Amino acid sequence: MTQSSPLIFVLVAIVTAAAAAAEKPQASTILAIRDTRFTVNDHPTFLLGLSLYAALGEPEALFRRDLDDLQRQGFNWIRVWATWASFDHDVSAVDVRGQPRAPFLDKLKSLVAECDRRGLVVDVTLTRGAGPGHLPDLAAHQRAIDTLVPALADHRNWYLDLANEHDIGDARRVPVSELKALRDQVRRLAPNLLVTASFGGHDLGEQDLRDALVTAGLDFVAPHRPRDAGSPAATQERTQQTLALMKRIGRNVPIHYQEPFRRGYTKWEPTADDFLTDLRGAIAGGAAGWCFHNGSQRATSDHRPRRSFDLSTQRLFDQLDPEEQKVIADSNRVATSAANPRPVR
């Protein structure tokens, strides 16, 4: 061995480390919170998004076209479920024990990476319940977190909804004590990851906020407001009331409307004006984000159009009806106008 051998070893080590760093995806889109607002790469950003629940089952080419279209229309986040089974398609990234599930965990990793590259935020949602697409108990829930959080650790463009509509009194229910245990678990794995747990079908009272923000330690609230014809007109006032309650308990955080009403859910079929009124009210009231929610048509025999609930053969944008297309076309203009109202002369 010559005297130059140690130097060669050092050079080889440097080159190997550089190559490994080049292969590792770098976080370029960083979601954070400043007071009651979200920030993206340190810029205050209103999250304007849409439901893309079954995206893990959407063919790659169709998914990229959906992303192209939503970005073209000014949307900047999507909601995707890591536990989703619908219409004979189980596209969950974890199984009912919370263990990795191929190929969908890899698809989730790829999806978050692609959105990171594009500057998009991703909501990754879990849900408690029975059967495929659900986590039956706390142990499975904990294993799911141990699976998902490290798998997505290279990216900062996503947040975790620990438990969809966790306060509903059925199999979805996750007690506050368990929410706290799950939140603490995430904090140990990824201290900077933002975490919420959505509420179902009602506006939030003071005890709801104390449970979520003081006891469980969530980073922001995601209330799913009532789905009736009077809901859009009430959004601004209800948002302001929630902010006032948070101020009272000393925890000012973002209010994120990640799942408002949708078409095909009840006899009331909201129009484009209803959606846009809701969006205006959310912004005027001080909310930090809003979602164009969509899903399957309950009244048809085959539940079509299924929209974000089934993306196995049709992409989302090809399943939207004319009223929904109007919402897509006008949301960014309405959001921009509502956030920057013209001065009164």
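**Ground rules.** I am working from a predicted model, in which local features need pLDDT of at least 70 and side-chain atom pairs count only at pLDDT 80 or more, while totals for chains, interfaces and linings use all residues. Residues are numbered from 1 along each chain as its sequence is written, and side-chain values use heavy atoms, with hydrogens and water left out.

**Entry 1, the sheet.** I began with the strands, which like the helices are DSSP runs numbered from the N terminus (helices are H or I, at least four residues; strands are E, at least two). I found 7 strands in an open sheet with parallel pairing, in the order 10-9-8-5-4-12-11, where two strands count as paired if DSSP finds at least two bridges between them. Strand 10 and strand 11 are the edge strands, each pairing on one side only.

On one pairing, strand 4 is joined to strand 12 by 4 bridges in the parallel sense, with Leu 48 having Trp 290 as its bridge partner. Strand 4 also pairs with strand 5 (residues 77–81), again parallel, over 3 bridges, and there Gly 49 stands opposite Trp 77.

Moving to strand 9, I saw that Trp 158 and Leu 160 point one way while Tyr 159 and Asp 161 point the other way, and that all of them are buried. In a regular strand the side chains alternate between the two faces of the sheet. Strand 9 pairs in the parallel sense with strand 8 (residues 121–125) over 4 bridges, with Thr 125 opposite Asp 161. Strand 9 is also joined to strand 10 by 2 bridges, running parallel, and the partner of Leu 160 in strand 10 is Val 195.

I looked up the nonpolar cores, each a set of buried Ala, Val, Leu, Ile, Met, Phe, Trp, Tyr and Cys residues joined through side-chain atoms within 4.5 Å. The largest has 82 residues, and those with the most contacts inside it are Leu 50, Ile 78, Leu 111 and Leu 162. Apart from this core lies another, of 11 residues, which includes Tyr 159, Phe 220, Ala 288 and Cys 291.

What span should the 14 residues of helix 5 have? At 1.5 Å a residue (the expected span being 1.5 Å times one less than the number of residues), helix 5 (residues 176–189) should span 20 Å, and its end C-alpha atoms are 20 Å apart, which agrees. Glu 178, Leu 179, Leu 182, Arg 183, Gln 185 and Val 186 are buried in this helix. Seen down the axis, the buried residues of helix 5 fall within an arc of 160°, so they line one face; the arc is that of the directions from the helix axis to the C-beta atoms. Ser 177 and Arg 188, on the other side, are exposed. The buried residues of helix 5 pack against helix 4 (138–151), strand 9 and strand 10.

Just after helix 8, Gly 286 takes a positive phi of about 105°.

Gln 297 sits in the loop between strand 12 and helix 9, and counts as buried because its relative accessibility is 14%. Leaving aside neighbours within four places in sequence, its contacts include Arg 263, Glu 269, His 303 and Arg 307.

Taking a disulfide as a pair of cysteine sulfur atoms within 2.5 Å, I count 0 disulfides. Cys 115 is in none, its nearest cysteine sulfur being that of Cys 291, 14 Å away. Cys 115 is buried, with a relative accessible area of 0%, and Cys 291 is likewise buried, at 0%.

Conventions:
Buried means under 20% relative accessible area, exposed over 50%, partly exposed in between (1.4 Å probe, protein chains only). Contact means heavy atoms within 4.5 Å.
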